[in-house]
Amino acid sequence: NSSRRLEKNPSDEIIVCPICQEKLSANVIAAHASACNLYLCPVAWDNNCQWRGSVSQSVDHIAKGHRSVNRVTGPNAVIVLKSWRKASPLYWSSLQTCLGYNFLVEIKKIERFDKYPNFYGVVRLFGQQEDADRFEYKMTMKTRGKMARTSSYSTTVRALHENSVIHKDDAFVFDSSQAEIFSYEGNLEVEVSISVMKM
């Protein structure tokens, strides 16, 4: 009296696409994700937005549907972190148009595992990573007065859909004590510069 053990085929596993949230089998998820043109709302934190759409649609969606996201033009801009001392999580975003592309500037205040918050700043391009690789960004904070202090960070721009998680090795990171140093009248200003990578 024998019985056969049914083995589960790995390709039968269902995985959720991180871009459009469609449920697909494991053997097609990689090909689907690389070609998927649907995005979750990049600023879903604003009113718990559930919108999904293409790259070009997402820019228009943010401009029309999210008044809390400032829209700026030009390679140099300033994002103001108002009321930054409030409990985390907190989010600040701006839609920056320059150099023929649209970029999303994001700064998030997130509580770390040790209960102390960190700030993470990144710039993402609405498009593919091969386009994003052409650009770099620099974030800078400055104190005011004769003895001015500066804190800055620069790196390559990432594509918007490349990764929804902000990693400390790929962002402008600072903590609350640093924010206090650069704060002015209760607000924190972060200068953002986007430029073409020098070959």
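Where is A171 found? Residue A171 sits in the loop between β12 (158-159) and β13. Here are some notes to read beside the model.

1. **Ground rules.** This is a predicted model, in which local features need pLDDT of at least 70 and side-chain atom pairs count only at pLDDT 80 or more, while totals for chains, interfaces and linings use all residues. Residues are numbered from 1 along each chain as its sequence is written, and side-chain values use heavy atoms, with hydrogens and water left out. Helices (H or I, at least four residues) and strands (E, at least two) are DSSP runs, numbered from the N terminus.

2. V157 is 14 residues away from A171 along the chain, and the C-alpha atoms of the two are separated by 9.9 Å.

3. **The largest nonpolar core.** A nonpolar core here is a set of buried Ala, Val, Leu, Ile, Met, Phe, Trp, Tyr and Cys residues joined through side-chain atoms within 4.5 Å. The largest one has 30 residues, and L81, V123 and M139 have the most contacts inside it. Two or more residues each come from β6 (76-81), β7 (90-98), β8 (101-111), β9 (117-125), β10 (135-142), β13 (172-175), α4 (176-182) and β14 (188-196). Strand β9 gives the largest share, five residues. As background, nonpolar side chains in soluble globular proteins tend to be buried together.

4. Contact means heavy atoms within 4.5 Å. Setting aside neighbours within four places in sequence, L81 is in contact with W92, I107, F119, F174, G186, N187, L188 and V190.

5. **Helix α2.** The buried residues in α2 are V55, S58, V59, H61 and I62. Looking down the helix axis, these fall within an arc of 165 degrees, so they line one face of α2; the arc is that of the directions from the helix axis to the C-beta atoms. On the other side of α2, S56 and K64 are exposed. The packing partners of the buried residues are β3 (39-40), β4 (52-53), β5 (70-73), β7 and β8.

6. **H61 within that helix.** H61 belongs to α2, which spans residues 55-65. Its relative accessibility is 16%, so H61 counts as buried. Beyond its neighbours within four places in sequence, H61 is in contact with C41, C49, W51 and H66.

7. **Backbone points to check by eye.** Most residues other than glycine have a negative phi, and most peptide bonds are trans. In the loop between β6 and β7 you will find S83, which has a positive phi of about 50 degrees although it is not a glycine. S83 is partly exposed, at a relative accessible area of 37%. P89 is also found in the loop between β6 and β7, and a cis peptide bond with omega of about 5 degrees joins S88 and P89. In the loop between β7 and β8 sits L99, with a positive phi of about 55 degrees although it is not a glycine; at 40% relative accessibility, L99 counts as partly exposed.

8. **The cavity.** On a 1 Å grid over the protein atoms alone, a cavity is a set of points where a 1.4 Å probe fits but cannot get out, and a pocket is an open set with protein on both sides within 12 Å along at least five of seven lines; lining residues have an atom within 4 Å of a point. Grid points are joined across faces, edges and corners, and a volume is the space filled by probe spheres set on the points. The structure holds one cavity of 30 Å³ or more, and the largest cavity has about 30 Å³ of space. Its lining consists of V72, A77, V78, I79, S94, Q96, V105 and V192. Strand β6 gives the largest share of that lining, three residues.

9. **The second largest pocket.** About 240 Å³ of space lies in this pocket. It is lined by 15 residues, of which K142, R144, F182, Y184 and E189 are the closest to its centre. Strand β10 gives the most to the lining, with three residues.

Methods:
Buried means under 20% relative accessible area, exposed over 50%, partly exposed in between (1.4 Å probe, protein chains only).
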